[in-house]
Each structure stands twice: as C-alpha cells, then as structure tokens.
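Hello,

Here is the structure I promised to pass on. My notes follow below it.

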Amino acid sequence: MAMVLLALLTVLLLAHAAAYLAWQAVSRRRRARCYLLDYACHKPSDDRKVTTETAGAVIERNKRLGLSEYRFLLKVIVNSGIGEHTYCPRNVLEGREERPTLGDALEEMDDLFADAVAAVLAKTGVAARDVDLVVLNVGSFAPAPSLVSRVVRRFGMREDVMAYNLSGMGCSAGLIAVDLARNVMLTRPRTMALVVTSESCAPNWYVGTDKSMMLGNCLFRCGGAAALLTNDPAFRARAKMELRCLVRANIAAHDDAHAAAVHREDADGRLGVSLSKALPKAAVRAFTENLQRLAPRILPARELARFACRRLARKLLRRKAAGGPNPKIDFKSGVDHFCLHPGGTAVIEAVRKSLGLSAHDVEPARMTLHRWGNTSASSLWYVLSYMEAKRRLKRGDRVLMLTFGSGFKCNSCYWEVSRDLADAGAWEDCIAEYPPETLVNPYMDKFGWVNDVQGQGGGFVF
C-alpha cells in the first residue's frame, strides 16, 4: 500500500511539475510578444520650414565660407533629394546658429514632447500614468535632469515608472530603443512601453568650413516620433503590428568603422558631426553582418535552399573566374515592404541595388527624405507613416525596418501587420502631392551662378 501511495504521489508531483513548466512556457511566450499599439510623428510648425531662400540666407551669414565651400554646398544639396518643406531649429532661423543656448535645445525637445508624445497617448487612449516603461533616445544632447525625466515630469507619470535615456547611438538608435523596451518586457508581463526618438539640431548646427562636417547641415533636419509598445495580450486586437524579430550588428571594433561618423571639433574648435570617406565601406560591412543573421530568421526555407545551391554551384564550376554574376538572395520572398533609413539618396540607392529592390519599394524612403529630410533615428517612423498614408499596409503583410548609425551599426527589425492600416498621420496635409512629378529642388536654378564665378573669395550675396 505504501508503494502505491508513493507511486501516486510521484505521478502527482510530476504532473504538477509538467503543468508548471507548461504554464511558464506559455507565460514566457506571452511576455515575448511585442505589439506596436500606435505611433505619432512630430510635425514642427510651418514657421520653421527651410525654403531655398532660408537656406541661402543661412549660408550667406557665414562669412568664413568661400567660393569652394559654396560650390561644395550647392552640389551636395542639389543631389540631396531634400525638398523645401523640411524643418530646422528656431535659433538657426533667427540667426543664432553660432550662439545656441540650452534653452534653444530644450525648446526643440519640448515641441516634440508636446506634439508626438501627447498625440500617441491621445490616439491610443492610454493614460500617462498607465505607462510602465519609457525609453528615450536623442543622440547629441544629454542635459541633467535627463530628457526622459523631462517626459516623466511633463506628463505626470507614476513614481515607479522605469525610465531609460539613450545618447550617442546615432541614426540607428530608434531600433535600439525598441530592442531595449522588448528586452525589459521579457521580464515583466503586461507592460506598456513608451518609446521616444529624436535628434537635437539646435546646438549642433556646424558653422565651420570642414567639408566632411558641412554635409550634416545639408541632410539633417528636425523631427521625432513616439510609439507605444506592449506585451499585454489584451491589446492585441488593437495593435497595428507585431514584432517578429530584431537583429543588431555593431562593428565598432574596427577602427575605420568607429571613426566613420564622429561628433568632434574641427581645426578651429567648432563642433560638428564629421562623416568620413570610410563611411560607405563601414556601412557595407555592417549591412552584410546584419543580413547574414537576419536572412535565416525571416526568409522561407525554399529561398535559403535556392541561394545555397547557387552559391555551391558557382564554387564548383568556378564561374567567378568567367565573370558570371554573384548569386543574390531574394529578400522580397519574405518581405512585402521595406522601411529604409532615408540617410541620403546615395544610401537609399545603395540599399536598393544590394537588395534588388524596385523604385516602388524605395519610394517611401525617397519621399520621406524629400518631405522631412534626414531626421536621424526617427526617420523610419516617417517612412512607415508614408506607407500607411498610401494604404499599402494590409493585414498579414511583412515589414522590414533597416537603419544605419554611428559606431558603426546596422540594425533591423521585422514586423507583421495586424490589420489594414490607413492613418495618414503627419502626412495628412500633403500625401496627395506625393510622389511629385520631380524631386529636383530649385537650388541649382537660384544659386547655380556660383559655378560661373571666378576666384576664391567669400562674402557673396545669395
């Protein structure tokens, strides 16, 4: 009888242990879910728009610039793909780019918080005190108290809210913030996370003559975004997308990659962001590293097998010596929409060629660059918003976000659309005008005469 009771007790204990392990597995799976509830992109006020005339006035004020610098700036901005409706900080518009104040930088951030953060909370109906986690990234501005503390205070969040402030992570920081939020949610069930991403332009406008540092003024513009993420299954039906995987690649151990994009002083002590000639090579290396780990996680087995067979056949037949094309993996077999970082026309075109994409695939990135410029880490959310405004995103579609940043880093994440999406967001007042008939900006028409001027002097009137 004792043996029977012992056996019965053993069976009960094993059953209980099995049930507990099953419950833990289900709980972990639920916590591993990451839903994008909604997001909002910041639209600065119209009085901050950078027209051709505004850009000309800013350049004219800098008496350090000579004919060589004028020609360089004209060439860059003509080929930049940027239109006349991007935004810059008020201190630049007011002629104070050489004397920015702490107040200028804080005002730029407060405008973002008042617009994007308030908007995403209102759109979702989530109260600020229901937010459990806040992750904020702004690369080149880190005051004390931190900007994330400024958000917590402004919106009256709870005393136990978890708050993280990321800085110095560059244009790829948006996905790093998402990854941090996801990792925290793995340890906490039913967490509501607010992710805020932007860049600070007000104190970082370069006023020197180093051409590697002048590029930033032509490409970077003001913007930002806020997104609400959750692992709470109660919000699944309301979510826009669900995160399937996120891959990060960081090649900072290579000296040339680490120095490809650096916040530094020029020879005259003027601060700015330097983009070196090693940047394209670093981007390719980081891009390749990321895709090698991403592909097996998002592409169908048949495509992976096809690519492997073609590579093997090429090696066996030594077709490389005969000049045959390298086999390419077809990312479109597992991705419906490509949300690419609009770092510049050259960046977009390089990614398009590498992935074998069409003009339609990269249209959202190109239009975002034209309308908003490069808003750094928040750019991806404007690209996603364009897709939604154009009603491209349907239930079950797969979206790949891909971005680059200083370090050098390449980060990607893969989303599945949960329902048909049609919110125009920040594009609402202009989406009907996109894509325009031409992306050619008027800078050459208005300032092309500098290419005909002889000499090297400065002080030209635009």
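The protein has 15 helices and 11 strands. Both are DSSP runs, numbered from the N terminus: helices are H or I with at least four residues, strands are E with at least two.

This is a predicted model, in which local features need pLDDT of at least 70 and side-chain atom pairs count only at pLDDT 80 or more, while totals for chains, interfaces and linings use all residues. Residues are numbered from 1 along each chain as its sequence is written, and side-chain values use heavy atoms, with hydrogens and water left out.

**Confidence**

Mean pLDDT (the predictor's confidence in each residue, from 0 to 100) is 90. Of the residues, 90% reach 70 or more. A contact means heavy atoms within 4.5 Å. Residues 458-462 also stay under 50, but the model gives them 18 contacts beyond four places in sequence. Where pLDDT is low, the predicted coordinates should not be read in detail.

**Overall**

Of the 462 residues, 51% count as buried. Buried means under 20% relative accessible area, exposed over 50%, and partly exposed in between (1.4 Å probe, protein chains only). Among contacts with a separation of 6 or more, 81% join residues 24 or more positions apart.

**Cavities**

How many cavities of 30 Å³ or more are there? The count is four. A cavity is a set of points on a 1 Å grid, over the protein atoms alone, where a 1.4 Å probe fits but cannot get out; lining residues have an atom within 4 Å of a point. Points are joined across faces, edges and corners, and volume is the space filled by probe spheres set on them.

The largest cavity holds about 300 Å³. Its lining has 21 residues, with Val58, Ile59, Leu73, Trp205 and Asn217 nearest the centre. Helix 2 (52-61), helix 3 (67-78) and helix 8 (211-219) each supply at least two lining residues. Helix 2 gives the most, with five. By type, the lining splits into 13 nonpolar, four polar and four charged. Here Ala, Val, Leu, Ile, Met, Phe, Trp, Tyr, Cys and Pro are nonpolar, Asp, Glu, Lys and Arg are charged, and the others, Gly among them, are polar.

**Ala257**

Ala257 sits in helix 9 (residues 255-258). Ala257 counts as buried because its relative accessibility is 0%. Beyond four places in sequence, Ala257 contacts Ile251, Ala282, Gly407 and Phe408.

Best wishes

Conventions
1 Å grid on protein atoms, 1.4 Å probe; cavity = no way out; pocket = protein on both sides within 12 Å on 5 of 7 lines; lining within 4 Å.
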